[in-house]
Amino acid sequence: MKLYTKTGDQGQTSLVGGRVDKNHMRVEAYGTIDEANSVIGWAMTLLQDEKFRDIYQELQRIQHELFDCGGDLAIVSEKMPYKVKEDMVTFLEERIDAYIQQAPPLERFILPGGSPQAAALHMARTVTRRAERCVVALMKQEQMNKVVLQYINRLSDYLFAVARVVNARLQVKDVEYERSAIVFRDKEEKKGE
């Protein structure tokens, strides 16, 4: 099998059920998801220590699920079933809830960084947010699996939570944005105001 096919030399690419220009919003959306997946892969190279084994394994699962997201966005045929399901979103929510308990309480906005590992996860988070914007733009133009948007939205939250946990496990403080007011409060604390 050859790595190159030459079928895209005229600026088009194949989808499941048709062909589109390579700058089509659908291609932009799944291409940006692929970028996020690549940054996650890079972050994983920094998380091979035993203390991050759980996170590493989850990120590996997420990489496969991001391929599923891209695959679902490449479908323009109504006959194909989607791979991205709501239980994938639920998994991310459960992990976010668990990780929130492992990091110091958050009151202010933080700057991306701290440790190199957390900085890489923040980079993955920001690329994921860009992917989310692309998916929203696509959703306004064409039919697609709407669960992909939920998954990508939750993934950026997951990456934020994991970046904070990585810093906590390394005993590196998150850097608070120095001009930030207190923006994150416990729900019970807000009720008392």
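At roughly what angle do the axes of helix α2 and helix α3 cross? Select residues 53–73 for α2 and residues 86–100 for α3; in this predicted model the two axes cross at roughly 155° and come within 12 Å. Angles over 145 degrees count as roughly antiparallel, so α2 is roughly antiparallel to α3. The crossing is left-handed.

Next, show the side chains where the two helices meet. On the α2 side, select D54, I55, E58, R61, I62, E65 and D68; on the α3 side, select M88, F91, L92, R95 and Y99. Coloured by type, the residues of this contact divide into six nonpolar, six charged and no polar.

Stay there and pick E58 and R95. Their side chains form a salt bridge, at 2.6 Å from N to O. The bridge links distant parts of the chain, with E58 in α2 and R95 in α3, 37 residues apart. E58 is buried, with a relative accessible area of 9%.

The whole structure holds 12 salt bridges. For another, go to E107 and R108, where the closest N and O atoms are 3.6 Å apart. R108 is partly exposed at 24% relative accessible area, and E107 is partly exposed at 38%.

Then select R164 and D174, whose side chains meet in a salt bridge of 2.8 Å, N to O. R164 lies in helix α5 (residues 146–169) and D174 in the loop between α5 and β4, so the pair ties together parts 10 residues apart in sequence. R164 counts as buried at 9% relative accessibility, and D174 counts as buried at 18%.

Finish with R129, E132 and D157, which salt bridges with shared partners join into one network.

Technical notes. Residues numbered from 1 in each chain as written. Predicted model: local features only at pLDDT ≥ 70, side-chain atom pairs only at ≥ 80, totals over all residues. Heavy atoms only, no water. Axes fitted to C-alpha atoms, helices over the stretch in contact; angles between N-to-C directions. Helix = DSSP H or I, 4+ residues; strand = E, 2+ residues; numbered from the N terminus. Parallel < 35°, antiparallel > 145°, perpendicular 65-115°, else oblique. Left-handed = near helix turned anticlockwise from the far one by under 90°. Contact = heavy atoms within 4.5 Å. Nonpolar A, V, L, I, M, F, W, Y, C, P; charged D, E, K, R; others polar. Salt bridge = Lys/Arg side-chain N within 4 Å of Asp/Glu carboxyl O. Buried < 20%, exposed > 50% of the residue type's maximum accessible area, 1.4 Å probe, protein only.
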